[in-house]
Amino acid sequence: QVQLVESGGGLVQAGGSLRLSCAASGRTNSRYTMGWFRQAPGEEREFVAAISWGGALTSYSDSVKGRFTISRDNAKNTVYLQLNSLKPEDTAVYYCAAKSGYYDQEYNYWGQGTQVTVSS
């Protein structure tokens with residue numbers, strides 16, 4: 001089992017920045033691909049970004065490409081999501097998740113989420 005805990009959310013004005021963190025504990029010796037998702041009120045959860053174990057592979061949704069950056073520090077069992085040039089439409093609960101393989105469909109573990117609110 002892997003436990004994931006997100007932090008770093010908050011209230012920020014449009015154009016501002018935040019850095020989200022996701023700390024993993026438990027069975028962290030496995031080489032998990034990590035992802036970030038978000039869910040706005042009344043909307044379905046959507047993919048934001050993913051990063052492979054070694055960091056060589058990353059992917060982003062079109063809506064955040066060029067503004068958000070995913071990274072990880074495996075020594076600290078932590079993955080980050082840097083959010084820049086934030087827009088009100090980025091307001092959502094952000095979740096991190098883990099899966100065994102970069103090309104696997106399903107994420108096996110999920111955090112509880114952290115709220116990001118962007119004011120106009």
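**Disulfide, strands and core**

User: How many disulfides does a search of the whole structure find?

Analyst: The search of the whole structure finds 1 disulfide. The structure is a predicted model, in which local features need pLDDT of at least 70 and side-chain atom pairs count only at pLDDT 80 or more, while totals for chains, interfaces and linings use all residues. Residues are numbered from 1 along each chain as its sequence is written, and side-chain values use heavy atoms, with hydrogens and water left out.

User: Why is the link of Cys-22 and Cys-96 called a disulfide?

Analyst: The term applies to a pair of cysteine sulfur atoms within 2.5 Å. The sulfur atoms of Cys-22 and Cys-96 are 1.9 Å apart, so the pair meets the definition. In general, a disulfide is a covalent bond between the sulfur atoms of two cysteines. The link of Cys-22 and Cys-96 is right-handed, with 50 degrees about the S-S bond. Distant parts of the chain are linked by this pair: Cys-22 lies in strand β3 and Cys-96 in strand β9, 74 residues apart. Strands here are DSSP runs of E with at least two residues, helices are runs of H or I with at least four, and both are numbered from the N terminus.

User: What makes Cys-22 buried, and what makes Cys-96 buried?

Analyst: Buried means under 20% relative accessible area, exposed means over 50%, and partly exposed lies in between (1.4 Å probe, protein chains only). Cys-22 has a relative accessible area of 1% and is therefore buried. Cys-96, at 0%, is buried too.

User: Why is β9 called largely enclosed by the rest of the structure?

Analyst: Because 7 of the 8 residues of β9 are buried.

User: Which residues touch the most other members of the largest nonpolar core?

Analyst: A nonpolar core is a set of buried Ala, Val, Leu, Ile, Met, Phe, Trp, Tyr and Cys residues joined through side-chain atoms within 4.5 Å. The largest has 26 residues, and Trp-36, Leu-81 and Tyr-94 touch the most other members. At least two residues each come from β1, β3, β4, β5 (46-51), β7, β8, β9 and β11. The largest share, 4 residues, is supplied by β9. Contact means heavy atoms within 4.5 Å; leaving aside neighbours within four places in sequence, the contacts of Leu-81 include Leu-20, Trp-36, Val-48, Phe-68, Ile-70 and Tyr-94.

User: Is Ser-21 buried or exposed?

Analyst: Ser-21 has 16% relative accessibility and therefore counts as buried. Ser-21 is in strand β3. Leaving aside neighbours within four places in sequence, Ser-21 is in contact with residues including Val-5, Ser-7, Trp-36 and Val-79.

User: Why are Asn-77 and Ser-85 called partly exposed?

Analyst: Asn-77 has 28% relative accessibility and so counts as partly exposed. Ser-85, with a relative accessible area of 42%, is partly exposed as well. Asn-77 lies in the loop between β7 and β8 (78-83), and Ser-85 in the loop between β8 and β9 (92-99). Asn-77 has a positive phi of about 50 degrees although it is not a glycine. Ser-85, not a glycine either, has a positive phi of about 50 degrees.
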